[in-house]
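Let's take a friendly walk through this model, strand by strand and pocket by pocket. Keep the viewer open as you read.

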Amino acid sequence: MNDRVGRLKHERIVEQLAKEIQSGRLAHGAQLPGENALAARFSVSRNTVRQALTELGNQGLIATHSGKGSFVTFDDRTIDDRLGWTRALADQGVETKVIRIALVEEVELADRLGLESAELIAVDRLRSIVDGSPISFERSRVPAIGSLRDLLSQGLDGSLYDELRAVGLVPDTGEEWCELARLNATEAELLQRPVGERFLRTRRLTRDSNGQFVEYVESLLDPDRFRLHLKFGG
């Protein structure tokens, strides 16, 4: 009974603070009151406050730094990716790390997408917020043509969108699928999450105005950080 009462207190704090953060009353970057102040406000122990702050952190609403306090990380801003996902996320304070660029042959994917060649450039990237916590992992596959092959030796410093545009591939139409999926061991290690944790898994296929293949990308997105509203097509 006492454990349940403790959970109810903890949940009540999480619910109230989450409302204040998501409504904008506690704005992005704002520092939350200290543990003593929150304990007094909600008439609970500091241990219960710590449990609530941990849960808010797990939900991606705050980040707690030892010796400094807890700060709001949720901002509810729209990400406009028309000029590239990397650039759009960078505007939101998200850092991108390229973890693999390779020439691959994916016959099954080529058959599924109706591609003439199964030879593709693979670009795998990990996205992290400023404090270093990963929030997404994506596997892009693009045609192995023209200057895109130079990525194998030169790497990718900026947006993959710019590289695609340089070879005349501009997304015009496409399809996207989304589902809730559990992380496997490899994905969990990359994202620094427990195996089996649920993430949004999206698959996006884009073509240019002539119907030519531009990009196929599979992404894993932290559901506490991303909400999808998709509008694209010719």
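In what sense do β1 and strand β2 (residues 69-72) pair, and over how many bridges? They pair in the antiparallel sense, over four bridges.

## Before you start

This is a predicted model, in which local features need pLDDT of at least 70 and side-chain atom pairs count only at pLDDT 80 or more, while totals for chains, interfaces and linings use all residues. Residues are numbered from 1 along each chain as its sequence is written, and side-chain values use heavy atoms, with hydrogens and water left out.

Two strands count as paired if DSSP finds at least two bridges between them. β1 and β2 make a hairpin with three residues between them. In its turn, G67 has a positive phi of about 80 degrees. Look across the pair and you will find H65 opposite G69 in β2.

## The six-stranded sheet

Next comes an open sheet of six strands, in the order β3-β4-β5-β8-β7-β6, with antiparallel pairing. Its edge strands are β3 (94-105) and β6 (173-182), each of which pairs on one side only. From one strand to the next, the twist averages 15 degrees (axes are lines fitted to C-alpha atoms, for helices over the stretch in contact, and angles run from 0 to 180 degrees between N-to-C directions).

β3 pairs with strand β4 (residues 119-129) in the antiparallel sense over 11 bridges. Here R100 stands opposite D124 in β4, and I101 stands opposite V123 in β4. On to the next pair: β4 and β5 are antiparallel over nine bridges, and D124 stands opposite R139 in β5. β4 is mostly covered, with 10 of its 11 residues buried (buried means under 20% relative accessible area, exposed over 50%, and partly exposed in between, using a 1.4 Å probe and protein chains only).

## Around strand β8

β5 and β8 run antiparallel and are joined by six bridges; the bridge partner of R141 in β8 is Y216. Eight bridges join β7 to β8, which also run antiparallel, and R204 stands opposite V217 in β8. The hairpin of β7 and β8 has five residues between the strands, and G211 takes a positive phi near 85 degrees there.

How enclosed is β8? Eight of its nine residues are buried, so β8 is largely enclosed by the rest of the structure. L221 is found in this strand (residues 213-221), and L221 is buried, with a relative accessible area of 4%. L221 and F199 are 22 residues apart in sequence and 5.7 Å apart in space, C-alpha to C-alpha.

## Two loop residues with positive phi

Most residues other than glycine have a negative phi. S43, in the loop between α2 (35-42) and α3, has a positive phi of about 55 degrees although it is not a glycine. S43 is exposed, with a relative accessible area of 60%.

Q192 sits in the loop between α8 (185-191) and β7 (198-207). Its phi is near 60 degrees, a positive value in a residue other than glycine. Q192 is exposed, with a relative accessible area of 58%.

## The second largest pocket

The second largest pocket has a volume of about 290 Å³. On a 1 Å grid over the protein atoms alone, a pocket is an open set of points with protein on both sides within 12 Å along at least five of seven lines, whereas a cavity is a set where a 1.4 Å probe fits but cannot get out; lining residues have an atom within 4 Å of a point. Points are joined across faces, edges and corners, and a volume is the space filled by probe spheres set on the points.

Of the 18 residues that line this pocket, the closest to its centre are G57, N58, I62, S133 and R225. The elements giving two or more residues to the lining are α3 (46-58), β1 (62-65) and β5 (134-143). The largest share, four residues, comes from α3. Where does the pocket lie relative to domain 1 (1-72) and domain 2 (84-221)? Both domains give residues to the lining, so the pocket lies between them (domain bounds come from an automatic or database domain assignment). By class, the lining has seven nonpolar, seven polar and four charged residues (Ala, Val, Leu, Ile, Met, Phe, Trp, Tyr, Cys and Pro count as nonpolar, Asp, Glu, Lys and Arg as charged, and the others, Gly among them, as polar).
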